[in-house]
Amino acid sequence: MKNPLIEQTVVLIKPDGVKRALVGEIVSRFEKIGLKIVGMKMVWVDEEMVRKHYPTERRQWVTKIGEKTLEAYKNYGTDPKEHLGTMEPYEIGVLICKWLVDYLTSGPVVAMVLEGPHAITAVRKMAGYTYPDTAVPGTIRGDFSIDSPDLANMIKRSGMNLVHASGNTEEAKFEIALWFRKKEIHNYKRADEGIMFGF
Ligand code: CDP
Ligand code: MG
């Protein structure tokens, strides 16, 4: 991984993706675009692991989840306070992190490290927007779900959006170390690398 443009990123197929038998479909999309699977396993995680993956101490990120939620409600023209009991972004974020524990521990997840040029952005683009009802067709979230945050919040659960994808370089580095040991990440050549990338 000497080329600085070659990045590694973490993808989790969340329990809804696994239970809906979409693992093959999702993995296949990443393979076809040219991303190399360099690590992969199925794990059924506990609360401690989810809390590490989605740390509420990451205040800015938690607040952003709350702000994103409020923005969605504004677009729907509905009242978030009715579902969430608060209008405070950080508090909403904390609540959602709690629901994320139930979601991520509700079944096994498939964890992957994908590698390729600008892999982090490429995977985010393919995953699509956080809320499947807003994610555009052609993206994983947009093609396989129509879940919306207001429905999720109304019944007091996390939004179910099939995949997690590292949001940036910092998150990717942190998540690779959290989910994988060094010896679980493999260095090999894909047969079509030369044709796709010229190296
Ligand atoms: O996953 P992504 O990076 O697109 O979104 P995030 O803002 O990092 O939020 C993490 C996860 O929290 C999402 O993927 C959703 O599963 C969940 N979430 C939710 O259930 N309801 C919200 N209003 C916001 C996020
Ligand atoms: Mg995120």
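**View 1. Strand 1 and strand 4 of the predicted model.** Strand 1 (residues 6–13) pairs with strand 4 in the antiparallel sense, over three bridges. Strands pair here if DSSP finds at least two bridges between them. Helices (H or I, at least four residues) and strands (E, at least two) are DSSP runs, numbered from the N terminus. Ile13 has Val163 of strand 4 as its bridge partner. Val11 is bridged to Ala165 of strand 4. This is a predicted model, in which local features need pLDDT of at least 70, side-chain atom pairs count only at pLDDT 80 or more, and totals for chains, interfaces and linings use all residues. Residues are numbered from 1 along each chain as its sequence is written, chains are lettered from A and ligands numbered from 1 in the order in which they are written, and side-chain values use heavy atoms, with hydrogens and water left out.

**View 2. Strand 1 and its two faces.** Eight of the eight residues of strand 1 are buried. Buried means under 20% relative accessible area, exposed over 50%, and partly exposed in between, with a 1.4 Å probe and protein chains only. Ile6, Gln8, Val10 and Leu12 point one way. Glu7, Thr9, Val11 and Ile13 point the other way. In a regular strand, side chains alternate between the two faces of the sheet. Strand 1 also pairs with strand 3, antiparallel, over eight bridges. Within strand 3, Ala111 is the bridge partner of Leu12.

View 3. Four strands form an open sheet in the order 2-3-1-4, with antiparallel pairing. Strand 2 (36–43) and strand 4 (163–165) are the edge strands, each pairing on one side only. From one strand to the next, the twist averages 20°. Helix 7 (residues 119–127) packs on the sheet and touches strand 1, strand 3 (109–117) and strand 4. Contact means heavy atoms within 4.5 Å. The direction of helix 7 makes about 35° with that of strand 1. Axes are lines fitted to C-alpha atoms, for helices over the stretch in contact, and angles run from 0 to 180 degrees between N-to-C directions.

**View 4. Helix 2 and its cover.** Ile26, Val27, Ser28 and Phe30 are the buried residues of helix 2 (residues 23–33). Their cover includes strand 1, strand 2, strand 3, strand 4, helix 7 and helix 8 (140–144). Just after helix 2, Gly34 takes a positive phi of about 115°.

**View 5. The crossing of helix 4 and helix 6.** The axes of helix 4 (residues 59–76) and helix 6 (residues 89–104) come within 7 Å and cross at roughly 95°. Helix 4 is therefore roughly perpendicular to helix 6. Residues of helix 4 in the contact include Trp61, Val62, Ile65 and Leu70. Those of helix 6 include Tyr90, Ile92, Val94 and Ile96. By class, the contact has ten nonpolar, four polar and two charged residues.

**View 6. The protein overall.** Its secondary structure comes to eleven helices and four strands. Buried residues make up 51% of the 199 residues. The C-alpha atoms fill a box of roughly 55 × 35 × 30 Å along the principal axes. Among contacts between residues at least 6 apart in sequence, 75% join residues at least 24 apart.

How values were computed:
Parallel < 35°, antiparallel > 145°, perpendicular 65-115°, else oblique. Nonpolar A, V, L, I, M, F, W, Y, C, P; charged D, E, K, R; others polar.
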